[in-house]
Amino acid sequence: MNWIKVTALALLLLILAQLNRWSVFDKLFFMLLGLLLLSYLWSRLSLRGLVLTRQTLSDRAQVGDLLIERLRVENQSRFSKLWVEVLDQSTLPGHQVSRVIRLGPHDVANWKVQTWCARRGRFRLGPMTLASGDPFGLFSVRKVVPYEHELIVYPATVDLTGFRLPFGESTGGNALQRRTPFVTPNAASVRDYVPGDSFNRIAWSVTARTGRLMVKEFELDPSADLWIVVDGDSRHHVRAPASDHLPPAVAGTSNSRLPLRYWLDSTEEYAVTVAASLARYFLDQNHAVGVILNTREPVVVPADRGARQLVKILEHLAVLQADGMRRLDQVLAEDLGLVNRRSILAVITPSPEEAWVRALVDLAERQIRSIAIVIEPSTFTSGKPQTLAPVASLAALGVPTILIKYGDDIARALTSPAWSATLATSNWA
């Protein structure tokens, strides 16, 4: 620390002044002493009166979006701040907020930071540290601004308009005109209460209007549930060599999106993007969607409908890490207790093993239909085994299969005419 060196020099000059009684040493000693006192007082005042605020428009973003954050540092004191270093401790990759500013009396510094959200996950914006000192660099001071803001970046989704699955017994997903004793999402009519009716079927609003006890009549919903299985077995996921550097975030591009190639650099990101896109598309079609994630801590999101279900699925996919320890065939054999005969299974995996293909055959015997979306790991890096064997087995068994390679357009791969032809000639037809 510089002030220690200056203090040592001042003490040395004091000793020399006492031994030699030279006035020049006395003057130098008092000059250094005054310098130390002035620098200390200056440093104590250098951060006083500073107020830092930061504003983020949302605590939710999506991979490919442009995050805009505005920062403001106000000097409420009567003294100028020759230099103030603003240090940011955010964990969002590429978020460059730190800078050095100068403020006059009652001055304000504003700046805007634009960052491409190129990685999904949960990130922290803040805290921040203000650093300054005296003009001679003898004393430095820091002040922590403890404000923190959590940002969750959802995985990217692509437009799957045209992607087709033969859901249920009617293409439109409309309710069958057939009464059922079970409670379903489709309430068809009401009738008078008879002894033995369950209390959870009572239509209270109609009862209040009519003055007599009424119960709901339900109809069957033929729309099959879609279950998305994402294989997070760490043995099979690979990452491609370093991709292109992110382009600069140019002012006025807040509505633009980052091209896919900047984050689709691994089998894990391809699998997550496919899963998120399928979930969004079929939830928009009012189908029930559930998710099973084969990770170190397995995740099962029961099938449901609506925007809330989409948020729940995206939040799980945002933090997914390919750190699973179980094989995919074990997951298919053990974790599908919630899947019924009207369900459709979409398996997303880079696994070159054939055991999970046999697991799909066992599910087919239970009348559970499935499709396979295979991410080819050998196209991401050399030396990895290919998925030719399971893909060939799936084709022989008539299981609809999509093979995605590194650099492929996901939307085009999932909606291509070849996929429709495969579906038409599969055992679903």
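Me: Which hand does the crossing of α7 and α8 have, left or right?
Reply: Right-handed. The term means that the near helix is turned clockwise from the far one by less than a right angle, and left-handed that it is turned anticlockwise. This is a predicted model, where local features need pLDDT of at least 70, side-chain atom pairs count only at pLDDT 80 or more, and totals for chains, interfaces and linings use all residues. Residues are numbered from 1 along each chain as its sequence is written, and side-chain values use heavy atoms, without hydrogens and water.

Me: At what angle do α7 and α8 cross, and within what distance do their axes come?
Reply: The axes of α7 (residues 355-365) and α8 (residues 388-397) cross at roughly 20 degrees and come within 9 Å. Axes are lines fitted to C-alpha atoms, for helices over the stretch in contact, with angles from 0 to 180 degrees between N-to-C directions.

Me: Which residues make the contact?
Reply: From α7, Trp-356, Val-357, Leu-360 and Val-361; from α8, Pro-390, Ser-393, Leu-394 and Leu-397. Contact means heavy atoms within 4.5 Å.

Me: How do those residues divide into nonpolar, polar and charged?
Reply: Seven are nonpolar, one is polar and none is charged. Here Ala, Val, Leu, Ile, Met, Phe, Trp, Tyr, Cys and Pro count as nonpolar, Asp, Glu, Lys and Arg as charged, and the others, Gly among them, as polar.

Me: Stepping back, how many helices and strands does the chain have?
Reply: 10 helices and 19 strands. Both are DSSP runs numbered from the N terminus: helices are H or I with at least four residues, strands E with at least two.

Me: In what order do the four strands of the open sheet come?
Reply: β5-β4-β8-β9, with antiparallel pairing. The edges are β5 (99-103) and β9 (140-145), each pairing on one side only. Two strands pair if DSSP finds at least two bridges between them. Neighbouring strands of this sheet are turned by 25 degrees against each other on average, direction ignored.

Me: What packs on the sheet?
Reply: Helix α2 (residues 23-45), which touches β4, β8 and β9 and whose direction makes about 10 degrees with that of β9.

Me: Over how many bridges do β4 and β8 pair?
Reply: Four, between β4 (residues 81-88) and β8 (residues 128-133). Val-86 has Leu-130 in β8 as its bridge partner.

Me: Backbone now. Which peptide bond is cis?
Reply: The one from Gly-126 to Pro-127, with omega near -5 degrees. Pro-127 sits in the loop between β7 (121-125) and β8.

Me: What phi does His-106 have?
Reply: A positive one of about 55 degrees, although His-106 is not a glycine. His-106 is in the loop between β5 and β6 (108-116). Gln-367, also not a glycine, has a positive phi of about 65 degrees and lies in the loop between α7 and β18 (369-375).

Me: Is His-106 buried or exposed?
Reply: Exposed, at 55% relative accessible area. Exposed means over 50%, buried under 20% and partly exposed in between (1.4 Å probe, protein chains only).

Me: And Glu-268, buried or exposed?
Reply: Buried, with a relative accessible area of 12%. Glu-268 lies in helix α4 (residues 267-284) and touches Arg-120, His-237, Leu-320, Gln-321 and Ala-322, leaving aside residues up to four places away in sequence.
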